[in-house]
2 protein chains.
Amino acid sequence: MAARHKPLSGNQAKVYDALHKAGRAMTAYEILDAVRETGIRAPVQVYRALEKLGKSGHVHRVESLNAFVACAHDHAAGGDAVGFAICDDCGDVSEFPVPGNASEVTKAPSKLGFVTEHMTVELHGRCADCAERESA
Amino acid sequence: MAARHKPLSGNQAKVYDALHKAGRAMTAYEILDAVRETGIRAPVQVYRALEKLGKSGHVHRVESLNAFVACAHDHAAGGDAVGFAICDDCGDVSEFPVPGNASEVTKAPSKLGFVTEHMTVELHGRCADCAERESA
DNA sequence: GGGCGAACGTTATAGTATAACATTTCACTT
DNA sequence: AAGTGAAATGTTATACTATAACGTTCGCCC
């Protein structure tokens, strides 16, 4: 992940810090509330920062929540894609690596000539804690 | 997919027909424009129909586009999940089956106790036609 | 014909994201 | 130090996506 080490600009750092401190998925407007005290005033400032942070790998977008999370781990390693396991009870979002080129998944489309540039994998369900609590 | 054969209500049929005739992904408001002539006037009517159609398997939501597509094929069969291959050039969205329980993908989270209820898989990239045209 | 649940209609509003344009900052060069 | 070009920032306005809250109508079954 080459761009990973470019220094963050002011607003990018503010947005990333808010997301990282929160340790959970946040919508752009939740982020905006969190960084207002730092001087950021408008949604577009947050979205711009998020766009850059996404490109540099610091932040991921969770499509099915219209939300964003700070990247949990160094997935520079294997070119693995990332997936999210989203608990619909407690809202917890945890990132996990999607193995290799996820051949099982992309096999069918690539046979038809589709060239994948980005892959979104999001699981909805119950995290371990909530699943256990419910079965009790 | 048990509920698959309940008859559609009036609005549900209008929305499904619009989506099926178009043969492409449409946003809720594009659908609204398409069904206005049938008497549907308000966004909420479209969203309500889409919600039911989603539950019955007639329609899928494409999270990364905030759009909807008519289900292309009878995936009642194997309990396979569905994925979408989305061409960022021409906008084409094609549905494909995600094999089995997609063990490669869900292995990591399920080891940690996560119980998957629904899985979203969306690939962005270039369809065969656009990939070829670009390499020319 | 009354009761019930699903579907429908209407208005208003909440929530998510970007357009357009002016200004400032900053690294780099001359 | 002044110039310059790209990136980042700031401001306002607006577009796009989705749901809340409420009342009415329809179809079915008793």
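These legends accompany close-up views of a predicted model.

**View 1. Residues around DNA strand D.**
α3(A) gives the most, with 6 residues. Sorted by class, the surface near DNA strand D has 10 nonpolar, 8 polar and 3 charged residues.

**View 2. The contact between chain A and chain B.**
Chain A puts 32 residues into the contact, and chain B puts in 32 residues. On the side of chain B that touches chain A, the elements giving two or more residues are β3 (81-87), β4 (93-98), α4 (103-111), β5 (115-126) and α5 (128-135) of chain B. β5(B) gives the most to that side, with 12 residues. By class, the side of chain B that touches chain A has 18 nonpolar, 9 polar and 5 charged residues.

**View 3. Strand pairing across the two chains.**
Strand β5 of chain A, residues 115-126, pairs with β5(B). The two strands run antiparallel and are joined by 11 bridges. One position to look for is A:T120, which stands opposite B:E122 in β5(B). β5(B) is also the element that gives the most residues to the side of chain B that touches chain A.

**View 4. A hairpin in chain B.**
Strand β1 (residues 59-62) and strand β2 (residues 67-70) of chain B run antiparallel, with 4 bridges joining them. B:V62 stands opposite B:A67 in β2(B). The hairpin formed by β1(B) and β2(B) has 4 residues between its strands. In the turn, B:N66 has a positive phi of about 45 degrees.

B:V46 is found in helix α3 of chain B. B:V46 counts as buried because 26 other C-beta atoms lie within 10 Å, and 20 or more are needed. Leaving aside residues up to four places away in sequence, B:V46 touches B:V15, B:A28, B:I31, B:L32 and B:I40. For scale, consider B:V121, 75 residues apart from B:V46 along the chain. The C-alpha atoms of B:V46 and B:V121 are separated by 24 Å.

Definitions and conventions:
Residues numbered from 1 in each chain as written. Chains lettered and ligands numbered in written order. Predicted model: local features only at pLDDT ≥ 70, side-chain atom pairs only at ≥ 80, totals over all residues. Nonpolar A, V, L, I, M, F, W, Y, C, P; charged D, E, K, R; others polar. Contact = placed C-beta atoms within 7 Å. Pairing = 2+ DSSP bridges. Buried ≥ 20, exposed ≤ 12 C-beta atoms within 10 Å, placed from the backbone.
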